[in-house]
Amino acid sequence: MKNLLLLIALTFLTFNINAQTKIYKERSSSFTDVLYTIKEDKVYRGNSTSFTDVQYTFTGNKVYKDRSTSFTDVLYTIKDNKVYRGNSTSFTNVLYTISNGKVYKGDSRSFTDCLLTIQDNKVYHGDSTSFTNVLASFDHDVDIALLAILFGPY
């Protein structure tokens with residue numbers, strides 16, 4: 001019994017260590033259409049997990065440029081359902097507000113300022129869930145703030 005529990009724990013741990021999230025172009029799920037790969041605390045360009053293809057590193061509530069975790073390389077700060085520019089949490093630096101699966105421009109929650117809608121593992125342009133407005137699809141849960149950073153206009 002002990003060996004069985006150990007085997008199950010190791011299998012689960014191995015699966016989690018190797019777990020990756022793929023973000024695909026539009027409605028595709030083809031390996032040729034991978035826009036980003038997310039593994040552990042890194043976002044990679046395309047279908048790669050090479051250190052040379054790291055686009056962002058995220059730790060805590062900060063998103064850093066490339067492989068850096070230096071305070072001088074903070075690109076975004078995420079706090080209270082808002083994404084801020086740089087290392088700031090000032091209302092003047094709000095890029096996105098996240099509410100009910102939607103990403104809004106700045107500090108707004110108006111439907112006219114809706115930039116992205118996240119639903120059913122898809123990223124839609126604007127306040128729509130029409131198949132013609134699918135920007136990307138993904139195979140595992142992704143933090144909406146990270147999707148806002150990847151697909152928002154800033």
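**Note on the predicted model**

1. Start at the hairpin of β10 and β11. It has 2 residues between the strands, and aspartate 120 takes a positive phi near 50 degrees. Helices (H or I, at least four residues) and strands (E, at least two) are DSSP runs, numbered from the N terminus.

2. A word on the source. This is a predicted model, in which local features need pLDDT of at least 70, side-chain atom pairs count only at pLDDT 80 or more, and totals for chains, interfaces and linings use all residues. Residues are numbered from 1 along each chain as its sequence is written, and side-chain values use heavy atoms, with hydrogens and water left out.

3. Now the pairing around β11. Strand β10 (residues 114–119) and strand β11 (residues 122–125) run antiparallel, joined by 4 bridges. Two strands pair if DSSP finds at least two bridges between them. Leucine 116 has histidine 125 of β11 opposite. β11 also pairs with strand β12 (residues 134–138), in the antiparallel sense, over 3 bridges. There, valine 123 has alanine 136 in β12 as its bridge partner.

4. The overall make-up. The chain holds 2 helices and 12 strands. From the N terminus, the order is α-β-β-β-β-β-β-β-β-β-β-β-β-α.

5. Burial and surface. Of the 154 residues in the chain, 42% are buried (under 20% relative accessible area; exposed is over 50%, partly exposed in between; 1.4 Å probe, protein chains only). The chain exposes about 9100 Å², and carbon and sulfur atoms supply 53% of that area. Accessible areas come from the Shrake-Rupley method with a 1.4 Å probe; for residues, only the protein chains shown count as cover.

6. Look at glutamate 40. The residue is found in the loop between β2 (34–39) and β3 (42–45). Glutamate 40 is exposed, at a relative accessible area of 59%. Threonine 21 is 19 residues from glutamate 40 in sequence and 9.4 Å from it in space, C-alpha to C-alpha.

7. Last, the largest pocket. Its space is about 200 Å³. Of its 13 lining residues, the closest to the centre are Phe58, Gly60, Ile78, Asp143 and Leu146. A pocket is an open set of points on a 1 Å grid over the protein atoms alone, where a 1.4 Å probe fits, with protein on both sides within 12 Å along at least five of seven lines; lining residues have an atom within 4 Å of a point. Grid points are joined across faces, edges and corners, and the volume is the space filled by probe spheres set on them. The lining has 6 nonpolar, 3 polar and 4 charged residues (Ala, Val, Leu, Ile, Met, Phe, Trp, Tyr, Cys and Pro are nonpolar; Asp, Glu, Lys and Arg charged; the others, Gly among them, polar).
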